[in-house]
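Visitor: I am new to reading protein structures, and I would like to go through this one slowly with you. Could we look at it together, one question at a time?

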Amino acid sequence: MRQWKIIAKEAMARASIITKFLCVLHVTNSYVLSSNHVLGPSMLPTLSVTGDVVLVEHISHRLGKLGSGDLVLVRSPLDPKKSLTKRIVAMEGDKVTFSLDPSRSHSSRSLVVPKGHVWIQGDNLYVSRDSRQFGPLPYGLIEGKVFMRVWPPSSFGFFGQ
Amino acid sequence: MGTPSVLWNVAKKCFTVGVITLTVSDLFASIVPVRGASMSPTFNPKTNSLLDSLSDDRVLVEKLCLRNYKFSHGDVIVFSSPNNHKEKHVKRIVGLPGDWVGTIYDVVHVPEGHCWVEGDNSASSLDSRSFGPVPLGLVKGRITHILWPPQRVGSVDRKIPQNRVSSS
């Protein structure tokens, strides 16, 4: 009987440490810093097609310190289970001019980004699906700012403008 | 002196409790007050404009629905406003992706990844009729129960408006 009591006590202590660790991990990943594996051709040449591992910080967007030119991780407005990595091209109130299909025509459209929204585009305009297709993105869908790449090691470093 | 180490221990305990509470509130459920009369009579049925914050309804918001984003018609959800990410609204889902929703003037198609929300109190509710379909990524949770005031404690039912929605 005594044996079980000791084993149970130790199991509880270990479970409690693991639980505390997982909670700290969740809070760090959601509110401070997390990593993300991004792939796809829509952000060439900034991000590679085969996949890069980047670090995302979750502080700037809560403080309202994002601006044009920032690389951001956003929840897709077309599928809430997917995240996209794109660049902010215009903030609320800015006028944005864009061409819907740069490979086919030179015609372009202009609009003003409404309050509470941002305009995002992939760096590879020919294959990226972004605000040119789904419209201005509500600011609340922004999850964080991509600020550095950690894999592959040959392109380790911070992202410029 | 014993005081610095006592303070340090108290600080560590507070930090641990804070982190665990934050995680539970993000991933499982939290309790929030509902302000305003846009969901009357489901929440805040007394339309008193001087509603003080102690008499607001307190509800249980579950976050498990955010794993799959699978909602049903009639669910009451909490979401960040598309026009101001700092505000949160409480409304009922009337249309899911792919549905056609009838408003006074025309019939609107709810795009993929979005939902159409309306307040139960149509006369005084700012909802999808003003700001359009809401991306499901802005949803922060689903309200399942009222926890305060004690006389209205109970589960929140799904209410589906008749003859307004055509599902695909």
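Visitor: Of the contacts in chain B with a separation of 6 or more, what percentage is accounted for by residues 24 or more positions apart?

Guide: Please keep in mind throughout that this is a predicted model. Counting the contacts in chain B whose partners have a separation of 6 or more, the share that comes from residues 24 or more positions apart is 59%.

Visitor: In what order do the helices and strands of chain B follow one another from the N terminus on?

Guide: The secondary structure of chain B comes to two helices and eleven strands. Read from the N terminus on, the elements run α-β-β-β-β-β-β-β-α-β-β-β-β.

Visitor: How much area do chain B and chain A bury between them?

Guide: The size of an interface is often given as the accessible area lost when the parts come together. Here the contact takes 20 residues from chain B and 20 residues from chain A. Carbon and sulfur atoms carry 69% of the area that the two chains bury between them, and the whole comes to about 1,700 Å².

Visitor: Which element of chain B gives the most residues to the side that touches chain A?

Guide: Across this interface the rule finds zero salt bridges, while the count of residue pairs in polar contact, both at pLDDT 80 or more, is five. By class, the side of chain B that touches chain A has nine nonpolar, eight polar and three charged residues. With seven residues, the element that gives the most to that side is helix α1 (residues 3–27) of chain B.

Visitor: Why is the aromatic pair of A:Phe98 and A:Trp119 described by the word it is given?

Guide: A search of the whole structure finds three aromatic pairs over all chains. The ring centres of A:Phe98 and A:Trp119 are 4.8 Å apart and their planes stand at 40 degrees, which lies between the limits of 30 and 60 degrees, so the pair is called tilted.

Visitor: How many residues apart are B:Phe79 and B:Phe131?

Guide: B:Phe79 and B:Phe131 form an edge-to-face aromatic pair, with 6.2 Å from centre to centre and 70 degrees between the planes, and both residues are buried. The pair links distant parts of the chain, since B:Phe79 lies in strand β3 (residues 76–81) of chain B and B:Phe131 in helix α2 (residues 128–131) of chain B, and their separation is 52 residues.

Methods: Residues are numbered from 1 along each chain as its sequence is written. Chains are lettered from A and ligands numbered from 1 in the order in which they are written. This is a predicted model: local features need pLDDT of at least 70, side-chain atom pairs count only at pLDDT 80 or more; totals for chains, interfaces and linings use all residues. Side-chain values use heavy atoms; hydrogens and water are left out. Contact means heavy atoms within 4.5 Å. Buried area is the accessible area (1.4 Å probe) that two parts lose on being put together, summed over both. A salt bridge is a side-chain nitrogen of Lys or Arg within 4 Å of a carboxyl oxygen of Asp or Glu. A polar contact is a pair of N or O atoms within 3.5 Å; within protein, one must be able to donate a hydrogen and the other to accept it, and residues adjacent in sequence count only if both atoms are side-chain atoms. Helices (H or I, at least four residues) and strands (E, at least two) are DSSP runs, numbered from the N terminus. Ala, Val, Leu, Ile, Met, Phe, Trp, Tyr, Cys and Pro count as nonpolar, Asp, Glu, Lys and Arg as charged, and the others, Gly among them, as polar. Rings of Phe, Tyr and Trp (its six-membered ring) pair if their centres lie within 6.5 Å; planes under 30 degrees apart count as stacked, over 60 as edge-to-face and the rest as tilted. Buried means under 20% relative accessible area, exposed over 50%, partly exposed in between (1.4 Å probe, protein chains only).
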